[in-house]
Amino acid sequence: MDCFHCRRTAVGVCKFCGRGICENHLQAKPFILALHDIGGQTQALVVDDALFCGTCHPRPHPVPLPELDT
Ligand SMILES: [Zn+2]
Ligand SMILES: [Zn+2]
């Protein structure tokens, strides 16, 4: 796979969108692995430095899907 930005050989894949990224264009971004409800409080298991391509835009908040809540 090649880098999305410069077509060099990718060393990793964006955790959020799957684009390839080379060593020059690697970025890091926190990624939530799982959410837990601990004693009534929601806590997240987070990877602080997950690979990020710098191009995609993960939304900061969950998106409601009322169509699926029938
Ligand atoms: Zn690159
Ligand atoms: Zn991405």
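Among contacts in the chain between residues at least 6 apart in sequence, what percentage join residues at least 24 apart? Here, 33% do, where a contact means two C-beta atoms, placed from the backbone, within 7 Å.

Okay, some housekeeping. This is a predicted model, so local features need pLDDT of at least 70 and side-chain atom pairs count only at pLDDT 80 or more, while totals for chains, interfaces and linings use all residues. Residues are numbered from 1 along each chain as its sequence is written, and chains are lettered from A and ligands numbered from 1 in the order in which they are written.

How confident is the predictor? pLDDT is its confidence in each residue, from 0 to 100; the chain's mean is 94, and 100% of its residues reach 70 or more.

Now the layout. You'll find four strands and zero helices, running β-β-β-β from the N terminus. These are DSSP runs numbered from the N terminus: helices are H or I with at least four residues, strands E with at least two.

Let's zoom in on β3, residues 27-38, and β4, residues 41-52. They run antiparallel, joined by ten bridges; strands pair if DSSP finds at least two bridges between them. For example, Ala34 has Leu45 in β4 as its bridge partner. Two residues sit between the strands of this hairpin, and Gly39 there takes a positive phi near 60°.

And the overall shape? The C-alpha trace spans about 45 × 30 × 15 Å along its principal axes. Its radius of gyration is 16 Å, whereas a compact globule of 70 residues would be near 11 Å; that's over C-alpha atoms, with the globule rule being 2.2 Å times the number of residues to the power 0.38.

Notes
pLDDT = per-residue confidence, 0-100.
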